[in-house]
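Subject: Structure handover: side-chain contacts

Hi,

Here is the structure for your files. My notes on its side-chain contacts follow below.

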Amino acid sequence: RDYFENFATKPRTKGTLAVKRCVLRRLLRLLRDQLGREPLLRDFTPPRVRRGMRNRTDKGLSACTANLLRKEAVALANWLTAESRCNLSDFSRRVERFNEAEDRRKVRRSLTTDELARLLAVGETNGRGLWYSLAYWAGLRRGEIGRVTWGDVDFASGTLTIRNVKAGRRDQLPLRPELLDQLLAARPLLTPRALSTSRIFATPV
């Protein structure tokens, strides 16, 4: 409880706190199942955590989820060590990561021509056609699409400038003819100065 309360004192989103709480509960359940009782601080040891995680993966838990539990266990061990509650400085080394490459549950693939056509058709019906096109043809993430301005689109050269604020760089992406045509059709009648700072999507989709 002290660990979670300490974590929650710093600025966190509700989603982050909910995930943290959920993973901590799963970690406690993992120890409780081994012990047959509520775990104590002295029960939180690398061998027990490792054994519990291995038992779960043998029963179908994915390596990705097991590594999420491991990550939380390491964070808790580091906090306990920093707070002088116990010495678990070698916890990370003694609880190995699971190999996610050998445990792929889903294989990503590209959309088929028919699937893409149906996706874009639905997008047009819902007024999201251009949004979906930027995501698919330009490979932009949701946050990047929301930040794109008309000034980032160079219709003459057929390119789109993406500003990565965190990395402090700019990337220029070539635009496919289909996407360029959609952007031309959607461009509002504004002065060049107003266009340069006007976002393509005023509100997130």
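R187 sits over the face of F155, 4.4 Å from the ring centre. The rule for a charge over a ring: NZ of Lys or CZ of Arg within 6 Å of the ring centre and within 35 degrees of the ring normal.

Ground rules. This is a predicted model, where local features need pLDDT of at least 70, side-chain atom pairs count only at pLDDT 80 or more, and totals for chains, interfaces and linings use all residues. Residues are numbered from 1 along each chain as its sequence is written, and side-chain values use heavy atoms, with hydrogens and water left out.

Aromatic pairs. Rings of Phe, Tyr and Trp (its six-membered ring) pair if their centres lie within 6.5 Å; planes under 30 degrees apart are stacked, over 60 edge-to-face, the rest tilted. That rule gives 3 aromatic pairs. F44 and F91 are stacked, because their ring centres are 5.1 Å apart and their planes lie at 15°. F44 is in the loop between α2 (14–35) and α3 (46–58), and F91 is in helix α5 (residues 91–94), so the pair ties together parts 47 residues apart in sequence. Helices here are DSSP runs (H or I, at least four residues), numbered from the N terminus. F44 is buried at 7% relative accessibility, and F91 is buried at 1%. The cut-offs: buried is under 20% relative accessible area, exposed over 50%, partly exposed in between (1.4 Å probe, protein chains only). Y136 and W137 pair edge-to-face, at 5.0 Å between centres and 85° between planes. Y136 is partly exposed at 34%; W137 is partly exposed at 24%.

Salt bridges. There are 11, counted when a side-chain nitrogen of Lys or Arg is within 4 Å of a carboxyl oxygen of Asp or Glu. R32 and E38 meet at 2.9 Å, N to O. R32 is partly exposed, at 29%. D43 bridges to R37, with the closest N and O atoms 2.9 Å apart. D43 is buried at 2%, while R37 is partly exposed at 35%. A network of salt bridges links R37, D43 and R48. R141 bridges to E144 at 3.2 Å between the closest N and O atoms. R141 is exposed at 57%; E144 is buried at 15%.

Cysteines. The structure has 0 disulfides, taken as pairs of cysteine sulfur atoms within 2.5 Å. For C64, the nearest cysteine sulfur is that of C22, 13 Å away. C86 is partly exposed, with a relative accessible area of 24%.

Best regards

Methods
Helices (H or I, at least four residues) and strands (E, at least two) are DSSP runs, numbered from the N terminus.
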